Amino acid sequence: MKRAWLMLTLAALNGIQACKHSHDDNKVWSEAELAELNAKWDSEWAFGGIGSFAHLPHVKCLTHPSETFDIAIVGAPFDTAVTYRPGARFGPRAIRHASGRQHSLRGFNPRTNTNPYQTWAKIIDCGDIPITPIDNNIAQRQMFEALTELGQHRTASSLISKPRLMVLGGDHSLSLPALRALNKIYGHEIQVLHFDAHLDTWDPNAYPAYWGTTPFNHGSMFWLANQEGLLSNSSDMPSVHAGLRTRLSSIADFEDDTAQNWIRYSASDIDHLGTEGIINGIMDALGTTNPIYLSVDIDVLDPAFAPGTGTPEPGGWSTREFIHILRGIEGLNIVGADVVEVSPVYQGSGEETTFAAAQVVYELLTSMTKRVLHKDVSQGSLGASKDEL
Ligand SMILES: *[C@@H]1O[C@H](CO)[C@@H](O)[C@H](O)[C@H]1NC(C)=O
Ligand SMILES: [Mn+2]
């Protein structure tokens with residue numbers, strides 16, 4: 001008996017000793033030990049990790065109001081305002097997935113000689129706005145309130161006074177709550193640069209309306225934005241569409257669009273103006289100081305390059321041509337941007353659409369971070385005021 005008891009006791013003691021190999025709650029980890037853990041385990045392969053955009057740190061910023069950042073990646077998985085193929089609610093996840101090969105350690109962009117993930121700007125992935133797929137009135141409020149909140153977080157850098165928002169859509173209607181949020185944050189109307197096959201300035205009242213109209217949809221949000229006074233009406237502060245090629249109801253659609261203070265570049269303008277002509281036209285219209293909201297509907301690309309979208313239109317730009325144009329407009333003062341209408345279920349198994357969308361985001365982040373660096377160098381000051389409205 002005694003012997004058995006002794007053995008049990010020894011076994012128990014052994015057990016206690018074995019426990020010593022697991023973490024002691026009171027252990028204080030030295031800097032060196034933590035550094036070693038980081039060196040061993042902190043890296044992520046392109047195909048690994050939980051799946052934030054470009055492996056950036058993820059914080060649920062909406063529940064962490066004191067989190068600081070200079071650029072927030074935020075998903076708006078919403079697609080119940082579309083008129084044709086749905087599915088863009090799956091866009092943010094799929095774009096993040098495709099962004100896996102972007103990494104701060106391999107993010108250097110030779111066109112600017114900068115790595116957008118290693119500049120003055122703290123870029124984080126704020127996650128998704130939880131948006132109801134059931135009720136678009138509630139959905140609009142959720143997007144507006146969330147983007148207003150995010151756009152008022154404190155910045156990490158003193159180079160800018162308000163953080164930039166980079167929204168992953170989602171259908172295109174989300175640009176309206178985004179513009180409302182910017183209007184609330186800056187207290188001023190704004191200009192939009194809009195890449196799209198479609199105008200999206202359609203007056204919802206111009207259509208048969210026996211059953212009533214639903215102005216909040218992905219083809220009328222810029223019409224609503226104009227009605228609400230969110231966009232500038234002044235002729236020296238127009239907004240610009242580029243990449244257009246949609247069929248119209250009649251030429252009156254263009255007249256309505258012009259009356260809403262838009263300038264238009266069609267997809268085929270690239271054939272006679274070239275990418276440089278389009279770039280110059282955009283820069284002449286928008287300048288380098290006015291705050292700009294940049295909205296990229298992925299259907300601006302030809303369906304050969306981006307079939308994963310809700311309303312594809314043949315005859316668009318190639319991904320390479322579009323990226324060249326984006327690089328040419330890097331001088332714009334982009335205060336917010338979106339990449340929308342990415343509907344992964346319709347893309348090919350090579351995931352070309354989401355790779356294109358992730359690359360567009362990377363180019364925009366490059367331009368947003370390079371611009372302030374450049375301003376810093378050229379003006380020799382870190383003043384934020386010129387960068388704001
Ligand atoms: C621009 O014009 C529209 C239509 O007349 C109007 O509703 C809107 O408030 C105007 N915007 C501004 C900023 O004044
Ligand atoms: Mn659109």
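Analyst: Contact here means heavy atoms within 4.5 Å. The model is predicted, and every value below is computed from it.

The protein has 10 helices and eight strands, and its C-alpha trace spans about 100 × 55 × 40 Å along the principal axes. Of its 389 residues, 52% are buried. Contacts between residues at least 6 apart in sequence join residues at least 24 apart in 77% of cases.

Two packed helices are described by the angle between their axes and the distance between the axes. For helix H4 (residues 136-150) and helix H5 (residues 175-186), the axes come within 8 Å and cross at roughly 40°. H4 is therefore oblique to H5, since angles under 35 degrees would count as roughly parallel. The crossing of the two helices is right-handed.

From H4, the residues that take part in the contact are Gln140, Met143, Phe144, Leu147 and Thr148. Their counterparts in H5 are Leu176, Pro177, Ala178, Arg180, Ala181, Lys184 and Ile185. Sorted by class, the contact of H4 with H5 has eight nonpolar, two polar and two charged residues. An α-helix has 3.6 residues a turn, so residues three or four places apart point the same way.

Leu182 also lies in helix H5. With a relative accessibility of 5%, Leu182 counts as buried, because the cut-off for that class is under 20%. Setting aside residues up to four places away in sequence, Leu182 touches Gly187, Ile190, Tyr293 and Val335.

Leu62 is located in the loop between helix H2 (31-41) and strand S1 (71-76). Its relative accessibility is 31%, so Leu62 counts as partly exposed. Leu62 and Leu147 are 85 residues apart in sequence, yet their C-alpha atoms are 9.2 Å apart in space. Beyond its neighbours within four places in sequence, Leu62 is in contact with Ile129, Pro130, Ala146, Glu149 and Leu150.

Distant parts of the chain are linked here: His172 sits in the loop between strand S3 (164-169) and H5, and Asp297 in strand S7 (residues 291-297), 125 residues apart. Both His172 and Asp297 are buried.

Thr353 belongs to another helix, H10 (residues 352-379). Its relative accessible area is 0%, so Thr353 is buried. Apart from neighbours within four places in sequence, Thr353 is in contact with Ile298, Phe305, Ala306, Pro307, Gly308 and Gln347.

Six of its eight residues are buried, so H3 is largely enclosed by the rest of the structure. The buried residues of H3 are Gly91, Pro92, Ala94, Ile95, Arg96 and Ala98.

Notes: Residues are numbered from 1 along each chain as its sequence is written. Chains are lettered from A and ligands numbered from 1 in the order in which they are written. This is a predicted model: local features need pLDDT of at least 70, side-chain atom pairs count only at pLDDT 80 or more; totals for chains, interfaces and linings use all residues. Side-chain values use heavy atoms; hydrogens and water are left out. Axes are lines fitted to C-alpha atoms, for helices over the stretch in contact, and angles run from 0 to 180 degrees between N-to-C directions. Helices (H or I, at least four residues) and strands (E, at least two) are DSSP runs, numbered from the N terminus. Angles under 35 degrees count as roughly parallel, over 145 as roughly antiparallel, 65 to 115 as roughly perpendicular and the rest as oblique. A crossing is left-handed if the near helix is turned anticlockwise from the far one by less than a right angle, and right-handed if clockwise. Ala, Val, Leu, Ile, Met, Phe, Trp, Tyr, Cys and Pro count as nonpolar, Asp, Glu, Lys and Arg as charged, and the others, Gly among them, as polar. Buried means under 20% relative accessible area, exposed over 50%, partly exposed in between (1.4 Å probe, protein chains only).
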